[in-house]
Amino acid sequence: MKKLFDTGCHVVAQAVKCADVDMVAAYPITPQTSVVEEIAALTESGEMNCRFLPVEGEHSAMAACVAAAAVGARAFTATSSQGLLYMHEVLHMASGCRFPLVMVNVNRAVFAPWTLWADHSDSLSQRDTGWLQLYCCSLQEVFNTILQAYYIAERVRIPVMVNMDGFILSHCRMIVNMPDQEIIDKFLQRQPNGWIANPANPSAYACVTGADLYPGFREELFNDTKNADKIIVEAASVYRDLTGFWDGDLIDTYRCDDADTFIVTIGSMAAEARLSIDLLREQGVKTGLIKIRSFRPFPAAALSAVLPDGARVMVLDRNYGLGTEGGIVFSELKASLFNRAAKIEIANQIMGIGGSDVNYQMMADAVTSAWDIRR
Amino acid sequence: MEQRNDFPSKYPVSYPVIGAGGDTGSWRMFRPEIDKDKCIKCLFCWIYCPDGVIDRDNLQINYDFCKGCGICAKECPRNAINMIREE
């Protein structure tokens, strides 16, 4: 086991190297830029055996990854904010074609007005593109999750987006333990290809389909996306058996066993929220934390299993669900628990927009003020 | 690289077969006819034909699929191909 002490962006590059990726196409955008710089440097020096394609924009980056996957290559890209939005139509193509791509999205708020700092409005606005979405709260988890993402994508044949908060994770240095390469190779054994382009046996792919064929493909994608939860759980548990690391599977929980009050959140806020739980526990509030690790597929059953009847749930959203009652995670959680709605109280607090600071005190305050808890 | 033909339904793949596009010869307004006396067998018509309906060996045109686009007649260096209006 090798120890790495580096920034989030460089940890991403190391994980991509360990994953034995064949082709990277990417375009730099703050705060993802040093992912691209580091991968370019590693491929240039020969330290990383991979083709690096410096494309002219994110639309092309995703198109190049789709093309690489079409000949059976393990491909990767990274982006952020406007770059992710610029990829939008090709994201649909990647999932509809069932290509097992992995992308790191360094979460950054969206234009307008211009901003560079973290929130989740970029990735959450891509929630219906058919990509699986995983969210990380530490650099160790980022490293582990990139490897797990390839395990998942190559089995369910659906692309996976790994999300990490801009600057908070991308530019922060943390110690990351890298499992030995032989263990990673064992974890990430190449899977049989689905369809790939082959000049010896020519075929056309994803051609025009009428109302007789199109619905079947979309229904299959819908079902496979939903059922990907089993493979996400499997990936986490196989990875734990091989490396000893555990970041949760669909969700991760902290002090939930006897809790009646819960904080639910995603991304780096889930790391800080542990301190809020400890603080509230000291003050006598039986609080637990649920970190949503897989936003797509949404872990409705796993969440419901943790929440007892009568639970009070505070959803902390780092985004605005424009035109809805609050944040996007809040809406999703409420919808997924609708049949139990009479028995569970769900409140919402939006914080951390555009990189504004979030600390454990603020999260604890959100809980106590929502239910008028005296401290 | 491994190649599969037994794809599950999740992959929208299709393989080329003759006549997959239907009876495209019926679209034709003008039919190309090769004047064998003028023809020097340069194979320009064969290589330019966008539908691959000209046989390389005997220069027979498959009128079931020839759409009558006239590219062969345009490219022929000896003007050996006449476009004749279909009745």
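Guide: A:Arg296 is buried, with a relative accessible area of 14%. Buried means under 20% relative accessible area, exposed means over 50%, and partly exposed lies in between (1.4 Å probe, protein chains only). This is a predicted model, in which local features need pLDDT of at least 70 and side-chain atom pairs count only at pLDDT 80 or more, while totals for chains, interfaces and linings use all residues. Residues are numbered from 1 along each chain as its sequence is written, chains are lettered from A and ligands numbered from 1 in the order in which they are written, and side-chain values use heavy atoms, with hydrogens and water left out.

Now the partner of A:Arg296. A:Arg296 forms a salt bridge with A:Glu332, and their closest N and O atoms are 2.9 Å apart. A salt bridge is a side-chain nitrogen of Lys or Arg within 4 Å of a carboxyl oxygen of Asp or Glu. A:Arg296 lies in strand S13 (residues 294–296) of chain A and A:Glu332 in helix H12 (residues 328–336) of chain A, so the pair ties together parts that are 36 residues apart in sequence. Helices (H or I, at least four residues) and strands (E, at least two) are DSSP runs, numbered from the N terminus. A:Glu332 is buried too, at 13%. Both residues belong to a network of salt bridges, which also links A:Arg127 and A:Asp128.

How many salt bridges does a search of the whole structure find? The count over all chains is 24. A:Lys230 forms a salt bridge with A:Asp229, with 3.7 Å between the closest N and O atoms. A:Lys230 is exposed, at 56% relative accessibility. A:Asp229 is partly exposed, at 25%. In chain B, the side chains of B:Glu33 and B:Arg31 meet in a salt bridge (3.2 Å, N to O). B:Glu33 is partly exposed at 33%, and B:Arg31 is partly exposed at 23%.

Next, the interface. Across the interface of chain B and chain A there is one salt bridge. B:Lys10 forms a salt bridge with A:Asp224, the closest N and O atoms being 3.3 Å apart. The side of chain B that touches chain A has seven nonpolar, four polar and three charged residues. Here Ala, Val, Leu, Ile, Met, Phe, Trp, Tyr, Cys and Pro count as nonpolar, Asp, Glu, Lys and Arg as charged, and the others, Gly among them, as polar. In all, 14 residues of chain B are in contact with 22 residues of chain A. Contact means heavy atoms within 4.5 Å. The two chains bury about 1600 Å² between them, 55% of it on carbon and sulfur atoms. Buried area is the accessible area (1.4 Å probe) that two parts lose on being put together, summed over both.

Strand S9 (residues 204–205) of chain A and strand S1 (residues 13–14) of chain B run antiparallel, joined by two bridges. Two strands pair if DSSP finds at least two bridges between them. B:Ser14 is the bridge partner of A:Ala204.
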